[in-house]
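Please look over the sequence and the three-dimensional model shown here before reading the report below.

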Amino acid sequence: MEMERMYAEYAWEKAAAVLAIDSPTGFTAKAADWVRNAFAELGFPASITTKGGVLVDLGGEDEADALLLEAHVDTLGAMVAAVKGNGRLRLTGLGGLSPNNAETENVWVYTRGGKVLDGTVQLCNASIHVNYAYSDTKRSFDTVEVVLDENVQSAEDARRLGVEVGDVVCLEPRTRRTASGYLKSRFLDDKLSVGILLGFAKYLADSGIVPKRKIWVHITVYEEVGHGGSASVPRGVTEAISVDMGCVGEGLQCTERQVSICAKDSGGPYSYAVVGKLIDAAKRTGADYAVDVYPSYGSDVEATLRGGADLRHGLIGAGVYASHGYERSHMDGVFNTLKLLAGYIGA
């Protein structure tokens with residue numbers, strides 16, 4: 001059965017749904033439950049790991065030469081580091097959140113008591129007509145703050161609302177799809193790939209294909225802090241492929257409309273054999289692809305290797321521009337990633 005574009009549409013539908021669920025690293029339970037249920041609805045056994053990720057059995061024959069596909073549902077975010085004397089909130093980042101990219105974004109503050117409070121990340125003294133140093137101020141978590149959309153004038157006012165150190169702060173994703181097929185949102189890294197793996201699972205379910213080798217999916221929840229894929233590798237896995245974002249930027253070949261195959265990133269080279277097989281599969285299926293070296297990147301599958309797993313590894317993903325900011329991809333990139341996955345398992 002040939003991969004059809006309907007599975008890319010399904011993948012985006014699911015990606016958009018999970019993008020609407022706040023899930024910065026350490027605050028992922030609701031998103032993980034949603035992902036587990038989404039795979040279960042397609043007929044695949046799925047369970048929550050002790051660490052909080054989702055492990056899914058996609059079936060297949062050869063359990064001694066199994067393939068593990070990894071993506072992550074945790075995102076960037078922030079945490080309240082201090083309640084300031086004026087009732088505003090100093091932040092610390094979760095993952096690689098840049099204060100430059102957070103400034104002027106709408107946020108939600110989740111209190112331990114169950115309240116969700118609106119706010120905005122602003123430069124301290126954010127009025128340009130008042131602050132003559134506005135343009136010269138280096139943005140850092142010491143110079144930006146959350147301004148709550150409440151009548152708050154003091155730390156006591158904020159605490160009466162239930163705000164405390166350790167509360168999780170989530171940024172509005174601003175998800176949209178353009179008429180020309182571009183996909184724009186925060187956190188396409190890596191919720192777009194979660195959608196892609198759900199699209200791939202639906203393709204297997206609809207076609208009745210039983211892969212020649214056993215296939216597992218692990219949706220991890222600590223990738224943005226480096227140890228997401230370090231555990232929960234099922235017995236018999238000999239290869240693991242991270243399905244994450246493909247980098248798009250100066251000096252790289254990939255565009256948002258392609259699937260990227262990574263040959264090397266900051267953690268070193270990926271398995272030469274796996275990269276070669278991925279290239280062959282892309283050519284065989286007609287997937288539009290690019291091979292690139294990522295200068296500043298680390299993936300779940302590298303954490304899997306550092307955790308002690310003895311396996312071959314690879315990294316692919318739909319091209320994503322403006323990584324860790326307001327990101328952009330395209331439906332063609334989603335479709336090409338699905339084609340590559342189908343080709344890799346020989347479906």
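Predicted model: local features only at pLDDT ≥ 70, side-chain atom pairs only at ≥ 80, totals over all residues.

Residues are numbered from 1 along each chain as its sequence is written, and side-chain values use heavy atoms, with hydrogens and water left out.

**Cavities and pockets**

Rolling a probe the size of a water molecule over the atoms shows where empty space is left. On a 1 Å grid over the protein atoms alone, a cavity is a set of points where a 1.4 Å probe fits but cannot get out, whereas a pocket is an open set with protein on both sides within 12 Å along at least five of seven lines; lining residues have an atom within 4 Å of a point. Grid points are joined across faces, edges and corners, and a volume is the space filled by probe spheres set on the points. In the lining classes, Ala, Val, Leu, Ile, Met, Phe, Trp, Tyr, Cys and Pro count as nonpolar, Asp, Glu, Lys and Arg as charged, and the others, Gly among them, as polar.

By this rule there are two cavities of 30 Å³ or more.

| Space | Volume | Lining by class |
|---|---|---|
| Largest cavity | about 60 Å³ | eight nonpolar, two polar, two charged |
| Second largest cavity | about 50 Å³ | two nonpolar, two polar, four charged |
| Largest pocket | about 280 Å³ | six nonpolar, seven polar, five charged |
| Second largest pocket | about 190 Å³ | five nonpolar, five polar, three charged |

**Strands**

Helices (H or I, at least four residues) and strands (E, at least two) are DSSP runs, numbered from the N terminus, and two strands pair if DSSP finds at least two bridges between them. Strand 6 (residues 106-110) runs antiparallel to strand 7 (residues 116-123), and five bridges join them; Val-109 stands opposite Leu-117 in strand 7. Their hairpin has five residues between the strands, and Gly-114 there takes a positive phi near 100°. Strand 7 is also joined by five bridges to strand 8 (residues 144-148), again in an antiparallel arrangement, with Glu-145 of strand 8 as the bridge partner of Gln-122.

**Helices and backbone details**

Helix 1 (residues 5-19) packs against helix 5 (residues 188-207) at an angle of about 135°, with the axes 7 Å apart. Axes are lines fitted to C-alpha atoms, for helices over the stretch in contact, and angles run from 0 to 180 degrees between N-to-C directions. Angles under 35 degrees count as roughly parallel, over 145 as roughly antiparallel, 65 to 115 as roughly perpendicular and the rest as oblique, and helix 1 and helix 5 are therefore oblique to each other.

Most residues other than glycine have a negative phi, and most peptide bonds are trans. The peptide bond from Asp-189 to Asp-190 is cis, with omega near 10°, and Asp-190 lies in helix 5. Thr-104, in the loop between helix 3 (99-102) and strand 6, has a positive phi near 75°.
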